Amino acid sequence: MPKVWRVYSGADGKSHIAEVPLAMKPFSDVEGAHGEGTPMQTASGIAFRVAPPGYVLSWHCAPRCPRARSSTGAAEIEVGDGTVARIGPGDVVLAEDLTGQGHITRVVGNQPRMYAIVPLADA
């Protein structure tokens with residue numbers, strides 16, 4: 001199963017990362033789709049991106065609260081407390097570190113990383 005990672009700002013001014021469960025509940029919709037899912041969240045758009053092997057985005061905070069879903073390739077997210085998490089295909093990153101030191105994103109391996117960014121709408 002893919003993993004869900006929450007990147008967040010701590011009271012110490014550093015970013016931290018934790019694997020989190022999704023709040024899945026049974027659903028059935030008007031088209032007949034059914035299974036387990038999360039509640040719908042309002043998004044402001046979607047962008048698809050590809051980053052080449054070796055790409056590094058140095059220390060940065062998330063500019064808003066986006067959700068990123070990787071479809072191919074792998075990345076590492078390094079946070080201010082020194083933790084490094086490997087993000088693979090299907091994994092989701094909940095980038096909530098809007099302040100503080102931020103995090104580093106690195107594409108690892110020999111495959112480009114393709115991912116979708118979905119910023120949540122302003123509440």
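Predicted model: local features only at pLDDT ≥ 70, side-chain atom pairs only at ≥ 80, totals over all residues.
Residues are numbered from 1 along each chain as its sequence is written, and side-chain values use heavy atoms, with hydrogens and water left out.

View 1. Strands (E, at least two residues) and helices (H or I, at least four residues) are DSSP runs, numbered from the N terminus. Alanine 23 counts as exposed, at 54% relative accessibility; buried means under 20% relative accessible area, exposed over 50%, and partly exposed in between (1.4 Å probe, protein chains only). Not counting residues up to four places away in sequence, alanine 23 touches Gly37, Thr38 and Pro39, where contact means heavy atoms within 4.5 Å. Alanine 23 and threonine 38 are 15 residues apart along the chain, and their C-alpha atoms are separated by 5.9 Å.

**View 2. The largest pocket and its lining.** The volume of the largest pocket is about 820 Å³. On a 1 Å grid over the protein atoms alone, a pocket is an open set of points where a 1.4 Å probe fits, with protein on both sides within 12 Å along at least five of seven lines, and lining residues have an atom within 4 Å of a point. Grid points are joined across faces, edges and corners, and a volume is the space filled by probe spheres set on the points. The lining comprises 24 residues, of which Leu22, Thr38, Gln41, Val92 and Leu94 lie nearest the centre of the pocket. At least two lining residues come from each of strand E7 (66-72), strand E10 (92-96) and strand E12 (113-119), and E7 gives the largest share, three residues. By class, 17 lining residues are nonpolar, four are polar and three are charged. In this classification Ala, Val, Leu, Ile, Met, Phe, Trp, Tyr, Cys and Pro count as nonpolar, Asp, Glu, Lys and Arg as charged, and the others, Gly among them, as polar.

**View 3. The second largest pocket.** The second largest pocket holds about 370 Å³ of space. It is lined by 20 residues, and Arg49, His60, His103, Tyr115 and Ile117 are the closest to its centre. Strand E5 (47-51), strand E6 (56-60), E7, E10, strand E11 (103-108) and E12 each contribute at least two residues to this lining. The lining of the second largest pocket divides into 13 nonpolar, three polar and four charged residues.

**View 4. Glutamate 78 in strand E8.** Glutamate 78 lies in strand E8 (residues 74-79) and is buried, with a relative accessible area of 18%. Its side chain makes a polar contact of 2.5 Å with the side chain of arginine 106. A polar contact is a pair of N or O atoms within 3.5 Å; within protein, one must be able to donate a hydrogen and the other to accept it, and residues adjacent in sequence count only if both atoms are side-chain atoms. Neighbours within four places in sequence aside, glutamate 78 is in contact with Trp59, Thr83, Val84, His103, Ile104 and Arg106.

**View 5. Arginine 86 in strand E9 and glutamate 19 in strand E2.** Arginine 86 belongs to strand E9 (residues 84-87). Not counting residues up to four places away in sequence, arginine 86 touches Trp5, Ala74, Ala75, Glu76, Asp91 and Val108. Glutamate 19, in strand E2 (residues 15-19), is partly exposed, with a relative accessible area of 47%. Leaving aside neighbours within four places in sequence, glutamate 19 is in contact with Lys3, Val4 and Trp5.

**View 6. Cysteine 61 and cysteine 65.** Zero disulfides are found in a search of the whole structure, a disulfide being a pair of cysteine sulfur atoms within 2.5 Å. The sulfur of cysteine 61 is 11 Å from its closest cysteine sulfur, in cysteine 65, and therefore too far for a bond. Cysteine 61 is partly exposed at a relative accessible area of 25%, and cysteine 65 is partly exposed at 27% relative accessibility.
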